[in-house]
There are 4 protein chains.
Amino acid sequence: MAGNSFGQLFKITTFGESHGPAIGVVIDGVPPKLPLSDADIQKDLDRRRPGQSKITTQRHETDRAQILSGVFEGQTTGAPLAILIRNEDQRPKDYENIKDVFRPGHADFSYMAKFGYRDYRGGGRSSGRETASRVAAGAVAKKILAKHKIQIIVYTLAVGDIYAQNIDYKIIEQNAVRTADAKAAAVMIAKIEEARKQGDSIGAILECVVKGCPPGLGDPCFDKLNARLSLGLMSIGSVKAIEFGDGFGASRSTGSVNNDRFVLKAKRVSCLTNHSGGIIGGISTGEDIIIRLGLKPPSSISQLQKTLNEKYQEVQVRVKGRHDPCLAPRIVPVAEAMIALTLVDCLMIQKATKL
Amino acid sequence: MAGNSFGQLFKITTFGESHGPAIGVVIDGVPPKLPLSDADIQKDLDRRRPGQSKITTQRHETDRAQILSGVFEGQTTGAPLAILIRNEDQRPKDYENIKDVFRPGHADFSYMAKFGYRDYRGGGRSSGRETASRVAAGAVAKKILAKHKIQIIVYTLAVGDIYAQNIDYKIIEQNAVRTADAKAAAVMIAKIEEARKQGDSIGAILECVVKGCPPGLGDPCFDKLNARLSLGLMSIGSVKAIEFGDGFGASRSTGSVNNDRFVLKAKRVSCLTNHSGGIIGGISTGEDIIIRLGLKPPSSISQLQKTLNEKYQEVQVRVKGRHDPCLAPRIVPVAEAMIALTLVDCLMIQKATKL
Amino acid sequence: MAGNSFGQLFKITTFGESHGPAIGVVIDGVPPKLPLSDADIQKDLDRRRPGQSKITTQRHETDRAQILSGVFEGQTTGAPLAILIRNEDQRPKDYENIKDVFRPGHADFSYMAKFGYRDYRGGGRSSGRETASRVAAGAVAKKILAKHKIQIIVYTLAVGDIYAQNIDYKIIEQNAVRTADAKAAAVMIAKIEEARKQGDSIGAILECVVKGCPPGLGDPCFDKLNARLSLGLMSIGSVKAIEFGDGFGASRSTGSVNNDRFVLKAKRVSCLTNHSGGIIGGISTGEDIIIRLGLKPPSSISQLQKTLNEKYQEVQVRVKGRHDPCLAPRIVPVAEAMIALTLVDCLMIQKATKL
Amino acid sequence: MAGNSFGQLFKITTFGESHGPAIGVVIDGVPPKLPLSDADIQKDLDRRRPGQSKITTQRHETDRAQILSGVFEGQTTGAPLAILIRNEDQRPKDYENIKDVFRPGHADFSYMAKFGYRDYRGGGRSSGRETASRVAAGAVAKKILAKHKIQIIVYTLAVGDIYAQNIDYKIIEQNAVRTADAKAAAVMIAKIEEARKQGDSIGAILECVVKGCPPGLGDPCFDKLNARLSLGLMSIGSVKAIEFGDGFGASRSTGSVNNDRFVLKAKRVSCLTNHSGGIIGGISTGEDIIIRLGLKPPSSISQLQKTLNEKYQEVQVRVKGRHDPCLAPRIVPVAEAMIALTLVDCLMIQKATKL
């Protein structure tokens, strides 16, 4: 209820703050006999960790994942998996000057309103660092999806007003901004560096594509697949908008255009167009699931900003520390994780439904 | 798990299909001693029911709500509220010609993929009729919010590419399309009628504003207020996109612009701008919560469409019956309901947190 | 959370008070394509309803179940089942003299402490009438169990100090007290009638036997099969004690005696003895599951009792109305229902586990 | 769902096996601003840990608890608490001879039936070691209860057929068997030592008393306080029976005797007798809550036993290692923990109910 768990049958609970000894995650509901090692998890953590490139924060965390339970002789046992990630590069001093300040765009004030108390070092649970736990859990979910031949692709569609145009998934991991268009990548990176130089930050849009999702996942009413994916994806700190298929574009369209015609393709029911983004009536159709996420510009900027402190006095603050000028490249694996966690859960529920 | 419940402490479970004897909802967790009568619920149901105006479906349902339990001498007792709404205007014949057809844009195929079986009369649980149960429950939630002086306003921001411009909440209930701009209303209505005449339908955008929400609602991690609102709102059949505050606009913005500066207003912490839409770090700030919902054009259109039937044969279908050419006016009370249900739940959780 | 739901994947929510218009239950998670009719449910309701014999209350309720949703052309659709049971024989006048009295043994005072308000007519949600909803849901669960060849037998093991000795399951439904020993039946019935004549009531013990439960149901930690069965069975109003296998007898035993030796029987692993009652480490072994339930004597007695009223004044009360002098025969189908609901849920969870 | 979580608003998730690197627990829903240190938790862990006395297992574990998150400057923050306990004294060799054997009384066979795979070293999740995590979480719950002046007392009522008679709570922590009767203590200890010498083990009964519980906790229907306590207590590995108040004694009683008369005591409503054990209609009355737990004799005995191995061959097994001949003294703090966790959860739910 206190909101640190996600999922129903494949359920994760994350814990930890960026300035305590460790963060981590417990996954309950992992099917037994799944081959799994620390390395499986590390691969994705490395894609999220800070310091990967010049356009991400220079905070130094190796983010080593250690599986504490639930694996025996290289296979899951059905017992809960606990994964621990030690914090290494803590610099609480970075936060001394802002300990009683409500940083603009940050959850400092919301936290005080909610809890009457806060760990001012690094944003507590609303810190981006919490997402490492999600990525670790997502890596386990992806291993299960791989068995079912379900693949998740996430890439940076836009940075500010620079859009990827000629999409080529193969290059996503080959450029620092994780976009799918080599030309756009260079422009995006320049844009991000410019923002950083100005002590500023910049927003972005991610596109998510799920390939190979079988039809029939999701439920018709409150647990629509798009509703559950929205819950998971909107719970990523910087996401302010989400759309499925044509999304807001469908709001300007008509039924005769927007309805996807069913056709037979390779002997299975398929859609001639995919305006619906692979989900109709809350249930997957078997077409690619298409999602776009709107990311706000990071709130931590080094420009001087006016705000209030805890005594309600007007103050000026410059958010020191090592921050990301654009969240897109590091949110890519986080979005993958939230999608993977949701899909595994839906697969398990679907399995149970056909008792 | 099977997804017909919503909420944690204030939890609703809906049931019923449009062509069975009745639909309804059970609300568990209603605080005791809340004054409540059938009339309280009827008021909102009347705003959702079909046949209200020339631009909504002409299906005739009075949608009379009857409280079956949980109220004694005009007050809630703390026991679960069951609310029943009898179905009246069933015309299963309307569905005879489509009983084995996968209507484009409809969940017919998704249902078969999920359940291997379906009630072809009216779409089963993915029917818009299910939302009457949500509206009934939402009416109870709104009575609780009223005690806390929290107000929810939802209106049609756009129909196709016609946008409301000069916003005046007072006129929302005075025009058939439930927009907040009298001039735009006329154009929107004309646009909807035109679509209907062409046997077509049209998409729309709703804007939702919550006034008076106290700071501190929502949780920092998975149960962010925006995540939970997204779960609820995205579970409304026609919603394909959602954004909070500047939403996708924030993706094109910079931190120095997008960060909301905290200021003191009437002795309470407030924001000079509200790019964040009243939620930062997943927790309400006390500013107006601003949400926009992208609605797809209704899938039921009377134009002839090509599709497949259950034998995977290509067929042509004309969706007969009495359908809405634009969902916006009837989704307004549904969106209000989902927001109200979410907020009451968050208020209760917040209450428990401060043990 | 407010506690009117039971189950995880096969989840029921009950509603209704004995003196409102109706009671009922919503079952979410019913697998599709299960043949089901009102008659399937009525059969078990008839075994629970009042007025069956001279040793049960003479309140007259036909308890007609009506399925409102989730069934189409005689089969479940996967949508939630709502089952409604109208109240017929309401005599709120019976409660006039006790409306402000805390009846001894009843939840009147507890209710006031919890809710600050109560529906004094018939005990509200703690009324035995609520169990009709459970029995209706249990009938659906039993149909699923029957497909899996799992059978539940519950009978009256003891009334006061009279114990059934020569157990013959076939006669259970042939005697008014639902015991499994014809000779003991006569003595038990006499004992119950004697209690009633004295304006008193009497306690009893039920024995529950599950045959055909596959090994592997239940979870090793908090959701042990015995823990979940205890949750369900202890939630029946009159149950004050529960034991599995040898139960308290095991507390006086030694490991060398109490450990069940594994042997091969008909090519499957089996136990030579069954001290554990079919559950070891929280997981079913495949042996018969054996449970005993201690029922308290009903609190409603017609003898004059001293107590307090809501003004904290000492008063005398005689609980009028038509009450059961012994709960055993009518709790038999309720216990069956709670066991059936738990087992179906565990079967579904087990199905999902092996993704 | 996979059953490693307990609680609704104050929710714990435990993880870890006795032969992995660590066990632990995540507590979600801890109210903010509760003073808390490792030492608060250690105190109870020390009461559960092995090697405390000659009648407990000689396995050597210091069971040092480390809080990894959720505490800042000595106070809880509202973020999830993760508590880690490293395993120290692992001797997997002890399990070599039983790796493919279904030990009688143990969950080895149940596990294989459920998961198709098992970590044979020490019983996996059904190991008693898992309860250390519960005790750690329970220590946090007790700190909250202490603020509400609610006290939990658990002691050994019987070992085999030796019962404590002259109850004096003050001596519970002064004798190795944690009974409340000094004379009986000596006899019980002798009995346990005798069992051990014979390579055998012995059962026991615990009595639990909750003092100061306010009236109004628990819910009228499925989440009755006794039902929820049963779920928690029956999920302790060795518990085979549970009763509230007079329990099975009530089954032999009559209503006129068993009904507790309400009287005014120190200006509050109270009961003259407490046959109901402090809970009526599933809700606390304010009287002492009285629970008795039947513990089976531990399954690990050093006598030679016949059983099967994984190839279904008959084998003889002697369970080596360092085991408890009687579980009572070490289960005392575990039972306290499960009661404390349940009560804190009910307090939080009750708080939320009165919105």
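Is B:A266 buried or exposed?

Modeller: B:A266 counts as exposed, with a relative accessibility of 80%; here exposed means over 50% relative accessible area, buried means under 20%, and partly exposed lies in between, as found with a 1.4 Å probe on the protein chains only. Before going further, please keep in mind that this is a predicted model, in which local features need pLDDT of at least 70 and side-chain atom pairs count only at pLDDT 80 or more, while totals for chains, interfaces and linings use all residues. Residues are numbered from 1 along each chain as its sequence is written, chains are lettered from A and ligands numbered from 1 in the order in which they are written, and side-chain values use heavy atoms, with hydrogens and water left out.

B:A266 sits in the loop between strand 13 (262-265) and strand 14 (268-271) of chain B, where strands (E, at least two residues) and helices (H or I, at least four) are DSSP runs numbered from the N terminus. The phi angle of B:A266 is near 50°, a positive value in a residue other than glycine. B:R178 is found in the loop between strand 10 (162-163) and helix 4 (182-197) of chain B, but its relative accessible area is 6%, so it is buried.

Side chains of opposite charge can pair when their charged atoms come close. A salt bridge is counted when a side-chain nitrogen of Lys or Arg is within 4 Å of a carboxyl oxygen of Asp or Glu, and over all chains the structure holds 100 salt bridges. C:E173 meets C:R178 in one of these, at 3.0 Å from N to O; C:R178 is buried, at 5% relative accessibility, whereas C:E173, at 43%, is partly exposed. The side chain of C:E173 also meets that of C:R47 in a salt bridge of 2.7 Å, N to O. That pair links distant parts of the chain, 126 residues apart, with C:E173 in the loop between strand 9 (162-163) and helix 4 (182-197) of chain C and C:R47 in helix 1 (residues 38-48) of chain C. C:R47 itself is buried, with a relative accessible area of 15%.

In chain A, salt bridges that share partners join A:D44, A:R47, A:K142, A:E173, A:R178 and A:E336 into one network. Within it, A:E336 forms a salt bridge with A:R47, their closest N and O atoms being 2.8 Å apart. Because A:E336 lies in helix 8 (residues 328-353) of chain A and A:R47 in helix 1 (residues 38-48) of chain A, the pair ties together parts that are 289 residues apart in sequence. Both ends are buried: A:E336 has 4% relative accessibility, and A:R47 has a relative accessible area of 15%.

Burial can also be read along a whole strand. In strand 11 (residues 239-244) of chain A, 6 of the 6 residues are buried, so the strand is largely enclosed by the rest of the structure. Strands are said to pair if DSSP finds at least two bridges between them, and strand 11 of chain A is joined by 5 bridges to strand 16 (residues 289-295) of chain A, the two running antiparallel. There, A:V239 stands opposite A:L295. Strand 11 of chain A also pairs with strand 12 (residues 239-244) of chain B, in the antiparallel sense and over 3 bridges, and the bridge partner of A:A241 in that chain B strand is B:E243.

Strand 8 of chain B is joined to strand 18 (residues 304-309) by 2 bridges, and B:F102 stands opposite B:L308.
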